[in-house]
Amino acid sequence: MPVLSFRDVDVSFRHGRQVVHAVSAVMLSIDDGDTIAVVGESGSGKSTLGQVGIGLLRPDRGSVLTASGIDLATASRRAIRSVRPSLQLVVQNPYQAFSPRLRLSRSLLPAARRFGSGPARDRVVELFAQMGLSENHLDRFPDELSGGQLQRAALARALIVDPALLVADEVMAGVDVASQEGIAELLRSHQRRVGFAMVFITHDLGLARRVADRIIVMEAGRIVERGPIESVLDSPRHPATVRLLDAIPCLPAAENVETAGGRGRLTGGGPHD
Ligand SMILES: Nc1ncnc2c1ncn2[C@@H]1O[C@H](COP(=O)(O)OP(=O)(O)OP(=O)(O)O)[C@@H](O)[C@H]1O
Ligand SMILES: [Mg+2]
(Lines give C-alpha, C1' and ligand atoms only; values in the text may rest on other atoms or scores of the structure.)
(Ligands and ions follow the chains in the order given, each with its own letter.)
Protein backbone atom coordinates (compact mmCIF):
# COMPACT_ATOMS: atom_id res chain seq x y z
CA MET A 1 0.00 0.00 0.00
CA PRO A 2 1.62 3.29 -1.04
CA VAL A 3 2.00 6.05 1.54
CA LEU A 4 0.69 8.46 -1.08
CA SER A 5 -0.64 8.16 -4.64
CA PHE A 6 -1.12 11.03 -7.04
CA ARG A 7 -3.59 10.13 -9.77
CA ASP A 8 -3.84 12.45 -12.76
CA VAL A 9 -3.26 15.57 -10.67
CA ASP A 10 -3.56 19.06 -12.13
CA VAL A 11 -2.92 22.37 -10.36
CA SER A 12 -3.18 25.71 -12.10
CA PHE A 13 -2.79 29.29 -10.95
CA ARG A 14 -4.27 32.36 -12.50
CA HIS A 15 -2.01 35.34 -13.07
CA GLY A 16 -4.38 37.99 -14.41
CA ARG A 17 -5.53 36.62 -17.74
CA GLN A 18 -2.82 34.04 -17.90
CA VAL A 19 -3.27 30.54 -16.48
CA VAL A 20 -0.14 28.76 -15.31
CA HIS A 21 -0.38 24.97 -15.29
CA ALA A 22 1.92 24.38 -12.35
CA VAL A 23 1.26 20.62 -12.17
CA SER A 24 -0.22 18.64 -15.05
CA ALA A 25 -1.45 15.04 -15.25
CA VAL A 26 0.90 13.82 -12.52
CA MET A 27 0.77 10.11 -11.69
CA LEU A 28 3.04 9.04 -8.87
CA SER A 29 3.05 6.49 -6.06
CA ILE A 30 5.34 6.73 -3.08
CA ASP A 31 5.95 3.58 -1.04
CA ASP A 32 6.95 3.36 2.59
CA GLY A 33 10.70 3.69 2.99
CA ASP A 34 11.08 5.05 -0.53
CA THR A 35 12.92 8.29 -1.27
CA ILE A 36 12.01 10.05 -4.48
CA ALA A 37 14.09 12.97 -5.69
CA VAL A 38 12.09 15.63 -7.52
CA VAL A 39 14.20 17.74 -9.84
CA GLY A 40 13.49 20.21 -12.61
CA GLU A 41 14.13 23.77 -13.62
CA SER A 42 12.86 26.64 -11.53
CA GLY A 43 9.09 26.99 -11.94
CA SER A 44 8.63 23.40 -13.14
CA GLY A 45 6.14 22.65 -10.35
CA LYS A 46 8.22 20.82 -7.72
CA SER A 47 7.11 22.83 -4.67
CA THR A 48 3.51 22.88 -5.86
CA LEU A 49 3.56 19.09 -6.10
CA GLY A 50 5.04 18.89 -2.59
CA GLN A 51 2.35 21.17 -1.18
CA VAL A 52 -0.39 19.11 -2.80
CA GLY A 53 1.21 15.97 -1.35
CA ILE A 54 0.86 17.16 2.23
CA GLY A 55 -2.66 18.55 1.81
CA LEU A 56 -1.62 22.20 1.93
CA LEU A 57 -2.96 22.88 -1.54
CA ARG A 58 -5.92 21.24 -3.23
CA PRO A 59 -5.49 20.16 -6.84
CA ASP A 60 -7.99 21.27 -9.49
CA ARG A 61 -8.31 17.72 -10.76
CA GLY A 62 -7.28 14.19 -9.87
CA SER A 63 -6.86 12.45 -6.56
CA VAL A 64 -4.16 12.32 -3.89
CA LEU A 65 -4.75 9.20 -1.82
CA THR A 66 -3.17 8.61 1.56
CA ALA A 67 -2.55 5.15 3.01
CA SER A 68 -5.58 5.65 5.26
CA GLY A 69 -7.78 6.08 2.19
CA ILE A 70 -8.29 9.84 2.48
CA ASP A 71 -8.30 11.72 -0.82
CA LEU A 72 -6.58 15.05 -0.11
CA ALA A 73 -8.20 16.47 -3.25
CA THR A 74 -11.73 16.15 -1.94
CA ALA A 75 -11.56 15.45 1.80
CA SER A 76 -13.10 17.81 4.33
CA ARG A 77 -10.77 20.26 6.07
CA ARG A 78 -11.31 18.31 9.24
CA ALA A 79 -10.24 15.03 7.60
CA ILE A 80 -7.18 16.76 6.13
CA ARG A 81 -6.29 18.20 9.55
CA SER A 82 -6.47 14.72 11.03
CA VAL A 83 -4.02 13.30 8.48
CA ARG A 84 -1.66 16.31 8.34
CA PRO A 85 0.68 15.20 11.15
CA SER A 86 1.58 12.13 9.13
CA LEU A 87 2.53 14.31 6.15
CA GLN A 88 5.34 16.71 7.04
CA LEU A 89 6.94 19.49 5.00
CA VAL A 90 10.32 21.09 5.65
CA VAL A 91 11.25 24.04 3.47
CA GLN A 92 14.45 25.84 2.50
CA ASN A 93 14.26 28.56 5.16
CA PRO A 94 14.33 26.94 8.63
CA TYR A 95 13.37 30.23 10.31
CA GLN A 96 9.85 29.66 8.91
CA ALA A 97 9.54 26.51 11.02
CA PHE A 98 9.91 28.26 14.38
CA SER A 99 8.51 31.21 16.21
CA PRO A 100 11.42 33.62 16.73
CA ARG A 101 10.25 34.40 20.28
CA LEU A 102 10.17 30.81 21.54
CA ARG A 103 13.00 28.58 22.64
CA LEU A 104 13.15 25.52 20.39
CA SER A 105 11.95 23.34 23.26
CA ARG A 106 8.67 25.27 23.30
CA SER A 107 8.16 24.44 19.61
CA LEU A 108 9.24 20.81 19.81
CA LEU A 109 8.04 19.45 23.15
CA PRO A 110 4.28 19.93 22.63
CA ALA A 111 4.49 18.04 19.31
CA ALA A 112 6.50 15.29 20.99
CA ARG A 113 3.93 15.03 23.79
CA ARG A 114 0.99 14.82 21.39
CA PHE A 115 2.54 12.11 19.21
CA GLY A 116 4.33 9.12 20.57
CA SER A 117 4.89 7.72 24.01
CA GLY A 118 7.61 8.09 26.61
CA PRO A 119 9.15 11.21 28.12
CA ALA A 120 8.88 13.92 25.44
CA ARG A 121 12.09 15.75 26.32
CA ASP A 122 14.17 12.55 26.27
CA ARG A 123 12.79 11.65 22.84
CA VAL A 124 13.51 15.10 21.45
CA VAL A 125 17.03 15.10 22.90
CA GLU A 126 17.65 11.67 21.37
CA LEU A 127 16.41 12.83 17.96
CA PHE A 128 18.49 16.01 18.28
CA ALA A 129 21.53 13.83 18.96
CA GLN A 130 20.74 11.78 15.84
CA MET A 131 20.58 15.08 13.94
CA GLY A 132 23.96 16.14 15.34
CA LEU A 133 22.54 18.65 17.86
CA SER A 134 22.96 18.77 21.63
CA GLU A 135 20.43 19.28 24.41
CA ASN A 136 21.83 22.77 24.81
CA HIS A 137 20.54 23.70 21.33
CA LEU A 138 17.02 22.78 22.46
CA ASP A 139 17.00 25.55 25.05
CA ARG A 140 18.11 28.26 22.63
CA PHE A 141 16.09 30.72 20.54
CA PRO A 142 16.08 30.14 16.75
CA ASP A 143 18.45 33.05 16.06
CA GLU A 144 20.99 31.51 18.44
CA LEU A 145 21.61 28.63 16.02
CA SER A 146 23.37 28.68 12.66
CA GLY A 147 21.22 28.18 9.56
CA GLY A 148 22.46 24.59 9.19
CA GLN A 149 21.84 23.79 12.87
CA LEU A 150 18.36 25.31 12.70
CA GLN A 151 17.58 23.30 9.57
CA ARG A 152 18.52 20.12 11.45
CA ALA A 153 16.21 21.24 14.27
CA ALA A 154 13.44 21.83 11.68
CA LEU A 155 13.94 18.29 10.37
CA ALA A 156 13.77 16.99 13.95
CA ARG A 157 10.58 19.02 14.47
CA ALA A 158 9.06 17.29 11.42
CA LEU A 159 10.29 13.82 12.35
CA ILE A 160 9.35 13.85 16.05
CA VAL A 161 5.71 13.24 15.10
CA ASP A 162 6.75 10.05 13.28
CA PRO A 163 5.35 10.99 9.86
CA ALA A 164 4.57 8.55 7.07
CA LEU A 165 5.90 11.05 4.53
CA LEU A 166 8.47 13.83 4.72
CA VAL A 167 8.51 16.36 1.89
CA ALA A 168 11.91 18.05 2.02
CA ASP A 169 11.78 21.09 -0.26
CA GLU A 170 15.34 22.30 -0.92
CA VAL A 171 16.24 21.77 2.73
CA MET A 172 19.96 21.79 1.95
CA ALA A 173 19.97 24.99 -0.08
CA GLY A 174 21.15 27.17 2.80
CA VAL A 175 23.57 24.62 4.25
CA ASP A 176 27.28 24.43 3.47
CA VAL A 177 28.40 21.51 1.33
CA ALA A 178 30.22 19.65 4.12
CA SER A 179 27.16 19.80 6.41
CA GLN A 180 24.85 18.74 3.54
CA GLU A 181 26.66 15.44 3.41
CA GLY A 182 26.15 14.93 7.14
CA ILE A 183 22.47 15.89 7.09
CA ALA A 184 21.82 13.61 4.10
CA GLU A 185 23.39 10.70 5.98
CA LEU A 186 21.44 11.53 9.17
CA LEU A 187 18.19 11.59 7.21
CA ARG A 188 18.93 8.29 5.52
CA SER A 189 19.97 6.55 8.72
CA HIS A 190 16.91 7.85 10.58
CA GLN A 191 14.78 6.65 7.68
CA ARG A 192 16.36 3.19 7.88
CA ARG A 193 15.71 3.10 11.64
CA VAL A 194 12.08 4.19 11.76
CA GLY A 195 10.92 3.97 8.12
CA PHE A 196 9.15 6.82 6.38
CA ALA A 197 8.82 7.87 2.76
CA MET A 198 10.59 10.98 1.55
CA VAL A 199 10.03 13.35 -1.34
CA PHE A 200 13.35 15.14 -1.73
CA ILE A 201 12.99 18.27 -3.85
CA THR A 202 16.36 19.61 -4.93
CA HIS A 203 18.35 21.45 -7.56
CA ASP A 204 21.42 19.43 -6.64
CA LEU A 205 21.65 16.23 -8.67
CA GLY A 206 24.69 15.06 -6.71
CA LEU A 207 22.71 15.30 -3.49
CA ALA A 208 19.73 13.61 -5.15
CA ARG A 209 21.99 10.71 -6.10
CA ARG A 210 23.19 10.33 -2.52
CA VAL A 211 19.76 10.58 -0.89
CA ALA A 212 17.20 9.06 -3.26
CA ASP A 213 16.29 5.65 -4.66
CA ARG A 214 14.16 6.99 -7.48
CA ILE A 215 13.91 10.28 -9.32
CA ILE A 216 11.30 12.20 -11.24
CA VAL A 217 12.21 15.04 -13.56
CA MET A 218 9.63 17.78 -14.00
CA GLU A 219 9.22 20.23 -16.84
CA ALA A 220 6.38 22.76 -17.05
CA GLY A 221 4.32 20.83 -14.50
CA ARG A 222 4.72 17.41 -16.09
CA ILE A 223 6.84 14.44 -15.10
CA VAL A 224 8.96 14.00 -18.20
CA GLU A 225 11.34 11.31 -16.95
CA ARG A 226 11.34 8.88 -14.04
CA GLY A 227 13.14 5.80 -12.84
CA PRO A 228 15.84 4.48 -10.53
CA ILE A 229 18.18 7.34 -9.73
CA GLU A 230 21.36 5.78 -11.11
CA SER A 231 19.86 4.81 -14.45
CA VAL A 232 18.15 8.18 -15.01
CA LEU A 233 21.24 10.21 -14.12
CA ASP A 234 23.67 7.90 -15.94
CA SER A 235 21.53 7.47 -19.06
CA PRO A 236 19.12 10.39 -19.30
CA ARG A 237 16.60 10.17 -22.10
CA HIS A 238 14.66 13.41 -21.89
CA PRO A 239 16.21 16.73 -22.97
CA ALA A 240 15.12 18.34 -19.67
CA THR A 241 17.22 15.80 -17.73
CA VAL A 242 20.16 16.30 -20.08
CA ARG A 243 19.93 20.08 -19.57
CA LEU A 244 19.97 19.67 -15.78
CA LEU A 245 23.03 17.43 -15.98
CA ASP A 246 24.77 19.83 -18.35
CA ALA A 247 24.10 22.72 -15.99
CA ILE A 248 26.16 21.14 -13.19
CA PRO A 249 29.18 23.36 -12.66
CA CYS A 250 32.49 21.86 -13.68
CA LEU A 251 35.87 22.31 -12.05
CA PRO A 252 39.24 21.41 -13.48
CA ALA A 253 40.00 17.89 -12.25
CA ALA A 254 42.66 18.07 -9.53
CA GLU A 255 45.24 16.00 -11.42
CA ASN A 256 44.74 18.09 -14.54
CA VAL A 257 45.00 21.54 -13.04
CA GLU A 258 48.62 21.91 -14.17
CA THR A 259 47.88 20.87 -17.73
CA ALA A 260 44.49 22.62 -17.75
CA GLY A 261 43.20 19.81 -19.88
CA GLY A 262 40.64 17.97 -17.82
CA ARG A 263 37.14 18.81 -16.71
CA GLY A 264 35.50 17.15 -13.73
CA ARG A 265 32.05 17.50 -12.29
CA LEU A 266 31.68 19.24 -8.99
CA THR A 267 28.70 17.06 -8.12
CA GLY A 268 26.66 14.36 -9.75
CA GLY A 269 27.91 12.52 -12.77
CA GLY A 270 26.70 11.07 -15.98
CA PRO A 271 27.67 10.54 -19.56
CA HIS A 272 28.03 14.20 -20.46
CA ASP A 273 31.49 14.89 -19.11
N1 LIG B 1 0.74 30.48 -4.89
C2 LIG B 1 0.94 30.66 -6.19
N3 LIG B 1 0.21 31.56 -6.88
C4 LIG B 1 0.38 31.73 -8.20
N5 LIG B 1 1.28 31.05 -8.93
C6 LIG B 1 2.05 30.14 -8.31
C7 LIG B 1 1.92 29.91 -6.91
N8 LIG B 1 2.80 28.94 -6.56
C9 LIG B 1 3.45 28.61 -7.68
N10 LIG B 1 3.02 29.31 -8.74
C11 LIG B 1 3.46 29.17 -10.13
O12 LIG B 1 3.44 27.79 -10.45
C13 LIG B 1 4.60 27.41 -11.19
C14 LIG B 1 5.35 26.32 -10.45
O15 LIG B 1 5.89 26.88 -9.26
P16 LIG B 1 6.69 26.02 -8.19
O17 LIG B 1 6.96 26.91 -7.04
O18 LIG B 1 5.96 24.77 -7.94
O19 LIG B 1 8.04 25.70 -8.98
P20 LIG B 1 9.39 25.02 -8.47
O21 LIG B 1 9.71 23.93 -9.43
O22 LIG B 1 9.27 24.68 -7.04
O23 LIG B 1 10.45 26.20 -8.69
P24 LIG B 1 11.78 26.55 -7.84
O25 LIG B 1 12.80 25.55 -8.27
O26 LIG B 1 12.10 27.94 -8.30
O27 LIG B 1 11.44 26.48 -6.39
C28 LIG B 1 5.39 28.69 -11.41
O29 LIG B 1 5.06 29.21 -12.67
C30 LIG B 1 4.91 29.60 -10.31
O31 LIG B 1 5.00 30.95 -10.70
MG1 LIG C 1 10.25 25.36 -5.30
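Ten helices and eleven strands make up the protein. The model is predicted. Along the principal axes, the C-alpha atoms fill a box of roughly 60 × 45 × 40 Å. Of the 273 residues, 48% count as buried.

**Salt bridges**

- The whole structure holds 13 salt bridges.
- One of them pairs Asp10 with Arg61, with the closest N and O atoms 2.9 Å apart.
- This pair links distant parts of the chain: Asp10 sits in strand E1 (residues 4-15) and Arg61 in strand E4 (residues 61-66), 51 residues apart.
- Asp10 is buried, at 19% relative accessible area, because the cut-off for buried is under 20%.
- Arg61 is partly exposed, at 41%.
- Glu219 and Arg243 form another salt bridge, with 2.7 Å between the closest N and O atoms.
- Glu219 belongs to strand E8 (residues 214-219) and Arg243 to helix H10 (residues 239-246), so the bridge ties together parts 24 residues apart in sequence.
- Glu219 is partly exposed at 27% relative accessibility, and Arg243 is partly exposed at 38%.
- Shared partners join Asp8, Asp10 and Arg61 into one salt-bridge network.
- Glu185 and Arg192 also meet through their side chains in a salt bridge, at 3.2 Å from N to O.
- Glu185 counts as partly exposed at 44% relative accessibility, whereas Arg192 counts as exposed at 58%.

**Surface charge**

- Arg58, Arg77, Arg78 and Arg81 gather in a positively charged patch on the surface.
- Arg78 lies in helix H2 (residues 77-83).
- Arg78 is exposed, with a relative accessible area of 67%.

Note on methods:
Residues are numbered from 1 along each chain as its sequence is written. Chains are lettered from A and ligands numbered from 1 in the order in which they are written. This is a predicted model: local features need pLDDT of at least 70, side-chain atom pairs count only at pLDDT 80 or more; totals for chains, interfaces and linings use all residues. Side-chain values use heavy atoms; hydrogens and water are left out. Patches are made of residues with over 30% relative accessible area and no salt bridge: like charges are joined within 9 Å, nonpolar side chains (Val, Leu, Ile, Met, Phe, Trp, Tyr) within 5 Å. Accessible areas come from the Shrake-Rupley method with a 1.4 Å probe; for residues, only the protein chains shown count as cover. A salt bridge is a side-chain nitrogen of Lys or Arg within 4 Å of a carboxyl oxygen of Asp or Glu. Lys and Arg count as positive and Asp and Glu as negative; His and the chain ends are not counted. The place of a charge is taken as NZ of Lys, CZ of Arg, CG of Asp or CD of Glu. Helices (H or I, at least four residues) and strands (E, at least two) are DSSP runs, numbered from the N terminus. Buried means under 20% relative accessible area, exposed over 50%, partly exposed in between (1.4 Å probe, protein chains only).
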